[in-house]
There are 4 protein chains.
Amino acid sequence: MESKQFDVVIVGGGIIGSSIAYYLAKENRKVAILEADKIGGKSTSAAAGMLGAHSEYKEFKHLYPFARSSQLLYKQLYEEIRELTAIDFEKRNGGLLKLVYSENEKKELESILSLSSVEWLDNKEARKRVPQLSKEVMGAAYLQEDVHITPLIACNSLSKGAQLFGAEIYEYTRVLAVSKTGMEYSIKTAQGTFLAKNVVIASGVWSNYFFQQLGLSHEIIPVKGECVAAINEGAPLRYAVFHDQFYIVPRNNNELIIGATKKWNDWSENPSLDGLEEVIQKAKKMIPEVGEMKWTRAWAGLRPQTYDGHPYIGEHPEMKGLYFATGHQRNGILLAPATGKMIRDLIIGTPVEKEWLDAFKVERNIFAYGGGK
Amino acid sequence: MESKQFDVVIVGGGIIGSSIAYYLAKENRKVAILEADKIGGKSTSAAAGMLGAHSEYKEFKHLYPFARSSQLLYKQLYEEIRELTAIDFEKRNGGLLKLVYSENEKKELESILSLSSVEWLDNKEARKRVPQLSKEVMGAAYLQEDVHITPLIACNSLSKGAQLFGAEIYEYTRVLAVSKTGMEYSIKTAQGTFLAKNVVIASGVWSNYFFQQLGLSHEIIPVKGECVAAINEGAPLRYAVFHDQFYIVPRNNNELIIGATKKWNDWSENPSLDGLEEVIQKAKKMIPEVGEMKWTRAWAGLRPQTYDGHPYIGEHPEMKGLYFATGHQRNGILLAPATGKMIRDLIIGTPVEKEWLDAFKVERNIFAYGGGK
Amino acid sequence: MESKQFDVVIVGGGIIGSSIAYYLAKENRKVAILEADKIGGKSTSAAAGMLGAHSEYKEFKHLYPFARSSQLLYKQLYEEIRELTAIDFEKRNGGLLKLVYSENEKKELESILSLSSVEWLDNKEARKRVPQLSKEVMGAAYLQEDVHITPLIACNSLSKGAQLFGAEIYEYTRVLAVSKTGMEYSIKTAQGTFLAKNVVIASGVWSNYFFQQLGLSHEIIPVKGECVAAINEGAPLRYAVFHDQFYIVPRNNNELIIGATKKWNDWSENPSLDGLEEVIQKAKKMIPEVGEMKWTRAWAGLRPQTYDGHPYIGEHPEMKGLYFATGHQRNGILLAPATGKMIRDLIIGTPVEKEWLDAFKVERNIFAYGGGK
Amino acid sequence: MESKQFDVVIVGGGIIGSSIAYYLAKENRKVAILEADKIGGKSTSAAAGMLGAHSEYKEFKHLYPFARSSQLLYKQLYEEIRELTAIDFEKRNGGLLKLVYSENEKKELESILSLSSVEWLDNKEARKRVPQLSKEVMGAAYLQEDVHITPLIACNSLSKGAQLFGAEIYEYTRVLAVSKTGMEYSIKTAQGTFLAKNVVIASGVWSNYFFQQLGLSHEIIPVKGECVAAINEGAPLRYAVFHDQFYIVPRNNNELIIGATKKWNDWSENPSLDGLEEVIQKAKKMIPEVGEMKWTRAWAGLRPQTYDGHPYIGEHPEMKGLYFATGHQRNGILLAPATGKMIRDLIIGTPVEKEWLDAFKVERNIFAYGGGK
Ligand SMILES: Cc1cc2nc3c(=O)[nH]c(=O)nc-3n(C[C@H](O)[C@H](O)[C@H](O)COP(=O)(O)OP(=O)(O)OC[C@H]3O[C@@H](n4cnc5c(N)ncnc54)[C@H](O)[C@@H]3O)c2cc1C
Ligand SMILES: Cc1cc2nc3c(=O)[nH]c(=O)nc-3n(C[C@H](O)[C@H](O)[C@H](O)COP(=O)(O)OP(=O)(O)OC[C@H]3O[C@@H](n4cnc5c(N)ncnc54)[C@H](O)[C@@H]3O)c2cc1C
Ligand SMILES: Cc1cc2nc3c(=O)[nH]c(=O)nc-3n(C[C@H](O)[C@H](O)[C@H](O)COP(=O)(O)OP(=O)(O)OC[C@H]3O[C@@H](n4cnc5c(N)ncnc54)[C@H](O)[C@@H]3O)c2cc1C
Ligand SMILES: Cc1cc2nc3c(=O)[nH]c(=O)nc-3n(C[C@H](O)[C@H](O)[C@H](O)COP(=O)(O)OP(=O)(O)OC[C@H]3O[C@@H](n4cnc5c(N)ncnc54)[C@H](O)[C@@H]3O)c2cc1C
């Protein structure tokens, strides 16, 4: 095979790589996604799909404004993508109830509750929205903007959207090495070598390899999440409910997605029996009647964790034209549009918020661990 | 168990029974669905979901106006049900292209083409809408009103809607016999006996049993349909395409539903290898590139066929209060709302179109076979 | 369809019906199985497959000798069937450890332990056989004869064996009514009427209907059992382990079958989240490390329970030539060969143990509930 | 993580890597398998499992004796592994019928037919063994030694066997690079670095990467094979049947495995609709009645093809202690034991047949294409 030439080659076709491809292809860049497996088949397909800009962040310095901008991008993306690709990724309004079982827990939500879009619901009001809540629930922060989508469909729609704008999608094409000769990058695969002016590493937990191969000591830690789903046999659930990083998310087809455990540094992609037991117990703590509902399926996926809780979105410190976009942890679905846009802007030379550049840059002190685990 | 009492007991929770339950519960009737298996788990879950009021009928006497009224009901039902149940059954606009490969075939479409909502597309215009059409396609009738939905989700949403209006849903509850004592019906099941003023038999191909048990010689013939699905790896398909009773229907998640064979009087619910071979061949005749697409699943279902091509929607000739709503053949998804509404009207005493009463009544001459096979 | 004539029509093609068919066809009787769904697709396919003649019975009057004779029949059946059908139903030697956690529990096993084929293992010996046992286990009764098989494969092999001896198998053929005219039975189905000199009702929990239809007030209660399976990632498990009616059964392909809950009078055939939680907990109590193993699948099935814990195997009190063979509860896989043989003997007129005739006869006092729940 | 040290690290846990691990661990070598995904989850799980020492080879120089020795090893392995691991990989005697439709085809089998273990069956005799053969079949070579097994179970049993002899199995552990420092190899993974005196590359079609990374220009070409399975509803099939590289292989559970297409240089691991159509057609050419049988599943896998049709089993030309064991094409299941044994012998210093060393050595002229495609 003769080497193909592109403006940008993206390594990894999860939701991050697919979003980047979409934003770049829309600006007429010649783009390729090289995906080792199937588009969206890894962490992306395991996600619940909450766009938790508010639910996920306790601090509001860098990630919140970034996350919030991404949340807003989804509103327009939803219509645009449906129009373009004929795929509907099921954005469900309604938002999310962050449940509170004690005064202490309520106190922890103080900063979120101070936001204008967030509302405190006492016991009675919470139950009005979700009648099936456990009696133990004291109240809830109602995050109406934290809606949810169906991740794998969203990912497929972004990659297909990119394709319709001219991008080329190579599935089952694992990148083996990236190297630079002069101004150009060579991206080696078993299917041949690709050439590109820019490369974006968007390989989720597997980005580790490229950090190493490209001379960096950064590390992504997989945090395995195990899930089950059930048929909602009770009253409609119009909101996602959330407590202690577990949640129940309703889908358009009446299925409830229940997740997720957190198994630090576990690379296996199957659920264990312990994991299933744990998520069932946590779900029943929120909505006791789910225990009686019919099980439909179980699965697991890996969250790409970084040491300080921020993703890496930025250029390699030395290799110009080589970008990383990875480490989105529990929030890669939420952050995909903002990440796609930011990488696009970096590549085409549009200005990007100074704060985000600093917060997500690759050359920050990666061992200053600041939570997010 | 003490016998439970209802205004109406519906035997069968496919899309027909679920729709009837919905319309009656909405009018405050005390309704129960008794379903032998899972709601929607039989023929309904096998359907492609086309609302083919125009594509399916060559004659426009009785069924067309009925089908068309049902198609129109779906428009309002879609929003209403989503609001009520939080379930979205994926009504997809776009409509259907009935493909034509020869002048002869075009001639057969004359009466459809005379309708104001139907448009003739020549080769070039057809290809503008569906670029991937086979070169052999001469043109197409574009039936823009013949949109499609996702049948199992629709069925679940109707039964859940009914439940929210007070209906009771009994799954895994097979009806063994229906009998009348005085003014009341006893409906016998292994889980106990139910009592009701009215009974509706909506048991799909399995309604046969009740015809027999209730002294009628009517017969429903199963016509097995086998299907496969594939991932749409090409351009978006914005329309269903249809030829010679085979079709390719695009779903919101980028899957293509490809169906369906017709195996007369075959009661088995699994696809055979021959069946899969046939649908793949027919699909490739319409859109050759589907041959290269990735297979995702295969299944089969039974269409409840009648001898004259019309469903039975009406009262038992002698047993007042006992209704049949079955025999919807290839079009039960389409006809569900109109059937639900008609049975509701019969039971609550609202007038129904005389023509429909006659065309669908149980006591018509069932052996005057008039096509529709 | 013209009515087909048989010596024996069997209603239900689970393991009981299939075994009966096998034994009768082997004696040159003209046999048909009429199965509403797929052969073995109901309770039979949910079973773990233990042949627990010793583990399941605390009293040794009637059922034990019957069960034991059935266990012995499996030994010869295994080779015979493999030879005949080329199907191997995976009889696994090794037997079963009935675990004991306290002196009290040990006492309950006294009568079993008195049997010559049963051995008491103290803590150390038990752990030698199953090193991964929980520390809490005090010892175990080792029932070396209580081996296990793969039930669905066994059922398919029996029905195929019957077929090779001339039986006719009708799947997707639900029997609607059985009636007698003169010396002959009519068996009505939607596919036509079958005629037979003898009829055997072997419809599992659904036999209820035929008791009713044939004028008897007997009742079969479904006791739902929920299961999960996992990959055995630890040491080989060469024995089934058993405690408090829960168990872990190893399969030839390295899968562990873990079951089963007991949900009285629950007719649904799906596992609930509660059920999965419970079986996982019980399994971990026996072998803690299963918690870490990879989940593979989950399912549920219905055990056909009778009031006194004995199956019904015998003739209708009034209708000569009509037999019941149902109500095998937790032990239908074990009891299938002996049941098949007994029904064969009743039909062809070979003498049957008097004790069994009495213990299992239909006209016994069905409300003298004697356990077995 | 501190680096772990091993005698031998095996890269890839398909049947080849698992067999190597087994033979080495049995000789008390400290072995690790590093497997990127699940043990056996790639090509191995897609295979039909024929041990076609005779059916697959037209020439009898190098591969046949090697293949035949492997076939014989399976006989003893079967019992040994079952004893050790409690896993039964379902070796099914019976052998294979290589079908012939014309005099020309018969002529092509001349050399096989000259072997003492191979028997010519004319039309009548062939039909006696497989009554359901197509009328067009003229006769068959009966290869009674070419029995079959269930590949994924065999692979799991070998890796578990290795584990029981002390090997360590790391699933979800992708090797990123292999390098040598002094006498020791470093094997880099995202989970840490492993150290070893010897490394064996057994990564199937993905071995390409290591050829490149280790300075060799060898190439493995994937040849995708697509399959379907069906329930055998007819007479028992006691033999595999084979024609034109398509086949029908019966399993112990009454399933028929039907394969397989050959898609040169196709890296995707899903079946396409075209592929399914083709295997169904080819199967019907051998046994027409399979068309009517019930479909159960469909899948695809990649055969690791080399240019001259021989695997690479030998040392790196320059890097001592680094071995390749890959490129087994259509016959990796068959060749696994002999490959495992040969690599073991190379590593522990036992003599190996000179002919095999030469025929499979890495430094042969890889571009002298000699068929096997
Ligand atoms: C249980 C669970 C629940 C979650 N819920 C949510 C949620 O509700 N909301 C939310 O915002 N986030 C959620 N997440 C997080 C979210 O799933 C991830 O942050 C997101 O999917 C990361 O996307 P990605 O594209 O970086 O990774 P992936 O989706 O893993 O994509 C990376 C891709 O790179 C490919 N690849 C790897 N190596 C190579 C190579 N060498 N060459 C080519 N391709 C390569 C992989 O095959 C893969 O397809 C959840 C995660 C889990 C596990
Ligand atoms: C392959 C295929 C494609 C199709 N495509 C379309 C399409 O595109 N558009 C369209 O309009 N139609 C389509 N159809 C037709 C459509 O599926 C049927 O007309 C429709 O599902 C019939 O609905 P139903 O409720 O009558 O039957 P079912 O869905 O079969 O429901 C009957 C229910 O009754 C239950 N039942 C049976 N016996 C008893 C008893 N004794 N007691 C209690 N419950 C009982 C059953 O378990 C079942 O759930 C298609 C059908 C097939 C097979
Ligand atoms: C979780 C679980 C674990 C178990 N483990 C074991 C075990 O380890 N060992 C053991 O010995 N037993 C075990 N059992 C019990 C065993 O499964 C049952 O006793 C046995 O399967 C009963 O067989 P059957 O043929 O009577 O019923 P089924 O297998 O249910 O067969 C009855 C058949 O009749 C058909 N039928 C129903 N109505 C009609 C009709 N009107 N017309 C035609 N056909 C009809 C049904 O479709 C069905 O196929 C277990 C059960 C469960 C649920
Ligand atoms: C449809 C089909 C039918 C077949 N039928 C037969 C048959 O009947 N008889 C027969 O003998 N053969 C058959 N074959 C061929 C047989 O399947 C293969 O030859 C055999 O499986 C090859 O085994 P393997 O271990 O080399 O490859 P694989 O099974 O593919 O194993 C290679 C392993 O390496 C792992 N790996 C890859 N890269 C890395 C890395 N960087 N780090 C760590 N691990 C890695 C992979 O995940 C994989 O598990 C068939 C093949 C197909 C596709």
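Predicted model: local features only at pLDDT ≥ 70, side-chain atom pairs only at ≥ 80, totals over all residues.
The contact takes 21 residues from chain D and 21 residues from chain B. The two chains are related by a turn of 180 degrees, and 100% of the interface residues of chain D are also interface residues in chain B, so the copies meet through the same surface.

**Extent of the interface**

- The size of an interface is often given as the accessible area lost when the parts come together.
- Between chain D and chain B, about 1,800 Å² is buried, and carbon and sulfur atoms give 65% of this area.
- On the chain D side, L273(D), E277(D) and W295(D) lose the most area to chain B, and together they account for 39% of what that side buries.

**Polar and charged links**

- There are 4 salt bridges between chain D and chain B.
- A salt bridge joins the side chains of E277(D) and K284(B), at 2.7 Å from N to O.
- The count of residue pairs in polar contact between the two chains is 14.

**Composition of the chain D side**

- Three elements of chain D, namely β10 (221-231), α9 (273-286) and β15 (295-305), each supply at least two residues of the side that touches chain B.
- The largest share of that side comes from α9(D), with 7 residues.
- By class, the residues of this side divide into 12 nonpolar, 4 polar and 5 charged.

**Symmetry**

- Chain D can be laid on chain B with an RMSD of 0.0 Å by a turn of 180 degrees and a shift of 0.0 Å along the axis.
- That is the relation of a two-fold axis.
- Of the residues of chain D, E277(D) comes closest to the rotation axis, its C-alpha lying at 2.6 Å.

Note on methods: Residues numbered from 1 in each chain as written. Chains lettered and ligands numbered in written order. Heavy atoms only, no water. Contact = heavy atoms within 4.5 Å. Buried area = accessible area lost by both parts, 1.4 Å probe. Polar contact = N/O pair within 3.5 Å; in protein donor to acceptor, adjacent residues only side chain to side chain. Helix = DSSP H or I, 4+ residues; strand = E, 2+ residues; numbered from the N terminus. Nonpolar A, V, L, I, M, F, W, Y, C, P; charged D, E, K, R; others polar. Least-squares fit on C-alpha atoms with pLDDT ≥ 70 in both.
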